[in-house]
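I opened this notebook to record what I looked up in the model. The entries follow the order in which I consulted the structure.

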Amino acid sequence: MASDHGDSVFANVVRAPEDPILGVTVAYNKDPSPKKLNLGVGAYRTEEGKPLVLNVVRRAEQMLVNDTSRVKEYLPIVGLAEFNKLSAKLIFGVDSPAIQENRVTTVQCLSGTGSLRVGAEFLARHYHEHTIYIPQPTWGNHPKVFTIAGLSVKTYRYYSPETRGLDFQGLLDDLNAAPSGAIVLLHACAHNPTGVDPTPEQWEQIRQLMRSKGLLPFFDSAYQGFASGSLDEDAQSVRMFVSDGGECLVAQSYAKNMGMYGERVGALSIVCKSADVAVRVESQLKLVIRPMYSNPPIHGASIVAAILKDSHMYHEWTVELKAMADRIISMRQKLFDALQARGTPGDWSHIIKQIGMFTFTGLNAQQVAFMTKEYHIYMTSDGRISMAGLSSQTVPLLADAIHAAVSTVV
Ligand code: PLA
């Protein structure tokens with residue numbers, strides 16, 4: 001039998017749908033219209049609509065390239081030691097007692113997603129409770145990452161479409177009803193997709209409830225510095241949970257706050273009760289990582305470490321980060337003003353109340369489809385728009401599109 005005449009051994013493979021977020025970019029790339037606008041994926045753009053490489057990143061990269069003593073040997077399984085130390089300090093604070101007491105283990109992972117996945121695999125192997133509660137709604141990849149790692153995913157109420165704000169009572173009720181020991185995924189700041197965060201007082205109540213029930217916090221910190229413009233302020237929720245001496249996991253990403261998207265730089269930290277436990281936990285994290293990708297890439301983490309360890313570069317980074325955060329905030333005001341000026345039906349004040357990279361507009365899937373078809377504006381079908389993809393030039397187009405969508409599509 002000549003095998004090249006038979007059916008493919010993959011004949012039964014069905015075509016999978018595109019990813020709900022990254023698939024938006026695929027559709028955008030196919031659109032020949034010159035005025036097309038991609039507000040799908042959360043990727044920062046300049047006022048000129050161009051991707052941005054931070055000056056400080058360019059400088060650090062140049063420094064590394066010029067240093068001929070640098071080699072490209074494998075990193076250890078847990079990654080670059082210096083990067084791990086500095087990443088822990090960045091999220092937990094320079095004088096975090098947990099770090100000083102050696103109760104934190106930090107491993108370099110493939111950006112935020114890889115850090116979540118490694119953390120989830122570790123929990124599935126070594127933690128007694130396999131249920132993880134994620135907010136409703138949340139980043140679309142969360143349920144997939146946790147399910148495939150072997151955890152069982154449940155949701156807790158988070159957002160109220162009526163108030164376009166936090167459903168705080170729903171959140172408390174659902175966490176209260178969770179089995180003791182369950183894992184709870186928390187967005188450290190700038191909740192994706194809603195742009196709605198608990199207040200510090202609400203965080204404190206969440207902390208008390210979770211600690212009293214022995215729920216295990218797993219923080220996803222993908223936007224540190226992007227919400228408020230301040231790295232410390234955006235880490236407050238995490239630090240609140242660490243300062244009570246309890247345990248938690250934190251996944252960090254440098255994709256957004258350092259613009260390192262494609263370099264895949266991130267870290268997973270596990271804060272433990274004692275230094276002894278932290279050592280044992282780290283030894284098991286290595287067993288998770290080694291068969292998955294052996295060890296992480298060296299380039300991006302070296303850039304991040306060079307910036308974090310040098311006080312001048314660090315300062316330069318904070319200034320550039322603040323400028324990105326401020327530009328996003330100014331886009332909120334511009335879009336809100338443009339809708340007001342058009343007399344667009346509805347209350348749009350949530351655009352200026354929400355924080356971080358996204359606005360959860362409240363537009364429905366039909367309205368989104370209309371905006372894509374008629375205005376070549378691309379966004380996720382849940383009505384989320386990336387404010388970071390907007391500029392002064394494109395605000396009027398978006399406002400026209402929203403105005404037309406809510407006036408003609410119900
Ligand atoms: N966690 C949250 C809450 C995120 O929003 C994202 C990225 C990640 C983790 C993972 O980021 P990383 O692996 O690149 O570090 N969310 C984006 C991109 C920006 C995406 O979907 O991959 C988004 O548009 O929602």
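How are helix 12 and helix 15 oriented to each other? I find that helix 12 and helix 15 are oblique to each other, a class that takes the angles left over when those under 35 degrees count as roughly parallel, over 145 as roughly antiparallel and 65 to 115 as roughly perpendicular.

I note that this is a predicted model, in which local features need pLDDT of at least 70, side-chain atom pairs count only at pLDDT 80 or more, and totals for chains, interfaces and linings use all residues. Residues are numbered from 1 along each chain as its sequence is written, and side-chain values use heavy atoms, with hydrogens and water left out.

**Entry: helix 12 with helix 15.** I looked up the packing of helix 12 (residues 311–342) on helix 15 (residues 395–408) and recorded an angle of about 50°, with the axes 9 Å apart. Helices here are DSSP runs of H or I with at least four residues, strands are runs of E with at least two, and both are numbered from the N terminus. Axes are lines fitted to C-alpha atoms, for helices over the stretch in contact, and angles run from 0 to 180 degrees between N-to-C directions. Among the residues in contact (heavy atoms within 4.5 Å) I listed Met331, Leu335 and Arg342 of helix 12 and Val395, Asp400 and His403 of helix 15. The contact residues divide into nine nonpolar, one polar and three charged.

**Entry: helix 2 with helix 12.** I then turned to helix 2 (residues 55–66), which packs with helix 12 at an angle of about 150°, the axes being 8 Å apart. The two helices are therefore roughly antiparallel to each other. Asn55, Val56, Arg59, Ala60 and Met63 in helix 2 meet Met313, Glu316, Trp317 and Glu320 in helix 12.

Entry: I traced an open sheet of seven strands with mixed pairing, in the order 2-10-9-8-7-3-4; two strands pair if DSSP finds at least two bridges between them. Strand 2 (104–110) and strand 4 (152–157) each have a single partner strand, so one side of each is left without a neighbour in the sheet. Strand 7 (residues 183–187) and strand 8 (residues 216–221) run parallel and are joined by five bridges. Val184 stands opposite Pro217 in strand 8. I also saw that helix 3 (residues 81–92) lies across strands 2, 8, 9 and 10, at about 70° to strand 10.

Note on methods:
Ala, Val, Leu, Ile, Met, Phe, Trp, Tyr, Cys and Pro count as nonpolar, Asp, Glu, Lys and Arg as charged, and the others, Gly among them, as polar.
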